[in-house]
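Student: Before we look, could you help me set each label used for this model against its definition?
Tutor: Gladly; let us take the labels one at a time.

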Amino acid sequence: MSKVTCLPNGPYVVEGVSEVLDAAGKPFDLGGRTRIALCRCSHSRNKPFCDASHKAGGFQCDDTAPRKP
């Protein structure tokens with residue numbers, strides 16, 4: 001089972017991941033990791049993965065509060 005956590009002003013952290021595919025369906029090499037951080041600020045130089053560029057870019061996003069689906 002996977003779990004996604006939306007970090008305030010940061011990435012989406014995905015736990016229990018087994019595969020991430022690019023737009024062409026080719027898998028990214030996760031190097032055996034089952035916990036990854038996905039960029040949502042668009043500043044990462046390693047998209048779709050977070051490289052902490054949101055800190056330098058001043059990314060602000062307060063959409064992490066729980067709500068009804």
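Tutor: This is a predicted model, in which local features need pLDDT of at least 70 and side-chain atom pairs count only at pLDDT 80 or more, while totals for chains, interfaces and linings use all residues. Residues are numbered from 1 along each chain as its sequence is written, and side-chain values use heavy atoms, with hydrogens and water left out.

Student: What makes E1 and strand E2 (residues 12–15) a pair?
Tutor: Strands are DSSP runs of E with at least two residues, numbered from the N terminus, and two of them pair if DSSP finds at least two bridges between them. E1 and E2 are joined by 4 bridges and run antiparallel, so they meet that definition. Within this pairing, Val4 has Val14 of E2 as its bridge partner.

Student: Why are strand E1 (3–6) and strand E3 (35–38) said to stand at the edges?
Tutor: The open sheet has 3 strands in the order E1-E2-E3, with antiparallel pairing. E1 and E3 each have a single partner strand, so one side of each lacks a neighbour in the sheet.

Student: Why is Cys41 called buried?
Tutor: Buried means under 20% relative accessible area, exposed over 50%, and partly exposed in between, with a 1.4 Å probe and protein chains only. Cys41 has 10%, so it is buried, and Cys39, with 18%, is buried as well.
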